[in-house]
Amino acid sequence: MGNADYVYPSAAEGGGSLHRAAIPPPQPFVKSLKNSLKETFFPDDPLRQFKNQSARRKVVLGLQYFFPVVEWGPRYNLGLLKSDLISGITIASLAIPQGISYAKLANLPPILGLYSSFIPPLIYAMMGSSKDLAVGTVAVASLLMGAMLGAEVNAVQNPTLYLHLAFTATFFAGVFQASLGLLRLGFIVDFLSHATIVGFMGGAATVVCLQQLKGILGLTHFTHATDLVSVLRSVFSQTHEWRWQSGVLGCGFLLFLLVTRYFSKKKPKFFWISAMAPLTSVILGSLLVFLTHAEKHGVEVIGELKKGLNPVSITDLGLGSPYFSIAIKTGIITGVIALAEGIAVGRSFAMFKHYNIDGNKEMVAIGTMNMVGSCFSCYLTTGPFSRSAVNYNAGCKTAVSNVVMAIAVMLTLLFLTPLFYYTPIVVLSSIIISAMLGLIDYDAAIHLWKVDKFDFLVCIAAYAGVVFASVEIGLVIAVVISLLRLLLFVARPRTLVLGNLPNSTVYRNVEQYPNADNVPGILILEIDAPIYFANSSYLRERIIRWVDEEEDRIKASGESTLQYVVLDMSAVGNIDTSGISMFEEIKNILTRRGLKIVLANPGAEVMKKLDKGKFIESLGHEWIYLTVAEAVAACNYRLHSCKPNLVTDEKAEPWNNV
């Protein structure tokens, strides 16, 4: 039967004594602060494993925490090596052409792309916790670095300064990334929502593809701007300089890359065809140029690549440069983007293989490899999706696949760089376009439209900001929209009217359950968020509006007058002083209107603060219940057995006359 007919039990009738909402025992401030900090920064309790361990064991566990290779290394065997060897060679075939291509995207010498695929993967293999992440340079971060540094220093006119700034930006990106991990501030990266990342990555991929029109069409002069209008103006204002040889070569290799990717997607066991396609394109393109001397007919080639391993660049860090601030700014922004991509990719593949990775440890690993890399002529690296997907599909078992890739790159640096002399730039442009088309996630955008229209608008806004303004402005728009939505969730929490499900003591949202009955004389509201200064005024106004609307409904229907307002506090995890003041105001307003406020199921933190704020004393502890059902039952009993004017008696026990 519904609670409208519920008879409140008494001890005399065998109902037992009522359980009241308890006020938690007071805790010392230091202990309370310690618990809050622990929940904020150490939700996974990483120090748990060190409890009750000997000093020697603690040292070993500490080494295993920062260097996971110490844990899995002793168990490594030939069976695992076989799988990692195949994976490493496969991703190396992708890393070499992609590394050269992405370095050009950042306006850096192509050889830096190979340097960046040698040192950082070795560092990550020792410190990273992901088995599947394949380390290397990424297009979006490369484009962003090129755009931000290029706005201050011209890479063509002052290549040495530009190079030093790139190393400095990479160093500070690493410092920022590692600091986030060590200080347990990884949750900052989570402020970039999924919808924001989809839009931003899609926009950046579009911009990267547009930039490659320079290489595809064989243009020598091209705009430094990245927005759609500037790029199209630059392309179509130089139609007389388009080179059909580059266009035919570029379109041919792009078609080849897209066909191989489509085939590998349809036949996953032939993943290696798509993985080998970029290197195959480089080899075929180089042979074609060498045999036809196409470089003499307008087809631009890479030219000479410096032979040998990474030169030391620690002295090249521009710590005293007048452009020091722009290097720090570039490092932090590109570092956040690289970090978000690397951790998202690592978590995705960890989920497929049913193991967990520690986001904070990943930040330390990625940050360390960038700091060390910047001292050895490397620029920003992370875990790109395309390379990691190939690594996963190739059957990698551990991070040793990164070591194998690094060895393959090392051999290339030592012996094979002269072979890239005739590699046409147009082939690199085709490789970049092919990779970038995979980052434009149409399916994710369609899914956002179906599930959450606001998320879709966030996605489109981020995309439009990147494509029509610039990558930096697009990133700012993406972050601002993410924070705005977060603020909207906090500042405008939902309040719901609850009704009684027939033949039960369950109360649910009347919009979700149309068969839920209103309880005569009682308005039941659920507050669906913590109550803070940012939303307390809104909640006061919204609750009073609910009361007004309920009274208007009652007048129109001729039902019994409203006497009680029950607030379900189950979802209110916390409250501040503004929230307590808001409750005082609501209580006073309702009291003047002859109504009584009743609280149901407030949590421990809420009860503690309401008690310290003297609100419980003001309201009366007897008007706070463990469940909505108990609160409604008490109000129902009062409605049917007591005089109406006693409703405003704040200290009257609702079950005195049972």
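Helices (H or I, at least four residues) and strands (E, at least two) are DSSP runs, numbered from the N terminus. The model is predicted: local features need pLDDT of at least 70 and side-chain atom pairs count only at pLDDT 80 or more, while totals for chains, interfaces and linings use all residues. Residues are numbered from 1 along each chain as its sequence is written, and side-chain values use heavy atoms, with hydrogens and water left out.

**View A. Packing of helices H12 and H18.** Helix H12 (residues 244–266) packs against helix H18 (residues 425–437) at an angle of about 35 degrees, and their axes lie 9 Å apart. Axes are lines fitted to C-alpha atoms, for helices over the stretch in contact, and angles run from 0 to 180 degrees between N-to-C directions. On the H12 side, the residues in contact (heavy atoms within 4.5 Å) include Leu249, Phe253 and Leu257; Val427, Ile431 and Leu437 are among those they meet in H18. By class, this contact has 11 nonpolar, four polar and one charged residues. Here Ala, Val, Leu, Ile, Met, Phe, Trp, Tyr, Cys and Pro count as nonpolar, Asp, Glu, Lys and Arg as charged, and the others, Gly among them, as polar.

**View B. The largest cavity.** On a 1 Å grid over the protein atoms alone, a cavity is a set of points where a 1.4 Å probe fits but cannot get out, whereas a pocket is an open set with protein on both sides within 12 Å along at least five of seven lines; lining residues have an atom within 4 Å of a point. Grid points are joined across faces, edges and corners, and a volume is the space filled by probe spheres set on the points. The largest cavity has a volume of about 60 Å³. Its lining includes Phe200, Met201, Ile337 and Leu475. Two or more lining residues come from each of helix H9 (194–211), helix H14 (324–352) and helix H21 (471–491). H9 gives the largest share, four residues.

**View C. The second largest pocket.** This pocket has a volume of about 1,200 Å³. Of its 43 lining residues, Lys104, Asn107, Val156, Lys214 and His224 lie nearest its centre. The lining comprises 22 nonpolar, 16 polar and five charged residues.

**View D. The six-stranded sheet.** This open sheet has the order S2-S1-S3-S4-S5-S6, with mixed pairing; two strands pair if DSSP finds at least two bridges between them. Strand S1 (residues 495–500) pairs with S2 in the antiparallel sense over three bridges. Asparagine 500 has tyrosine 507 in S2 as its bridge partner.
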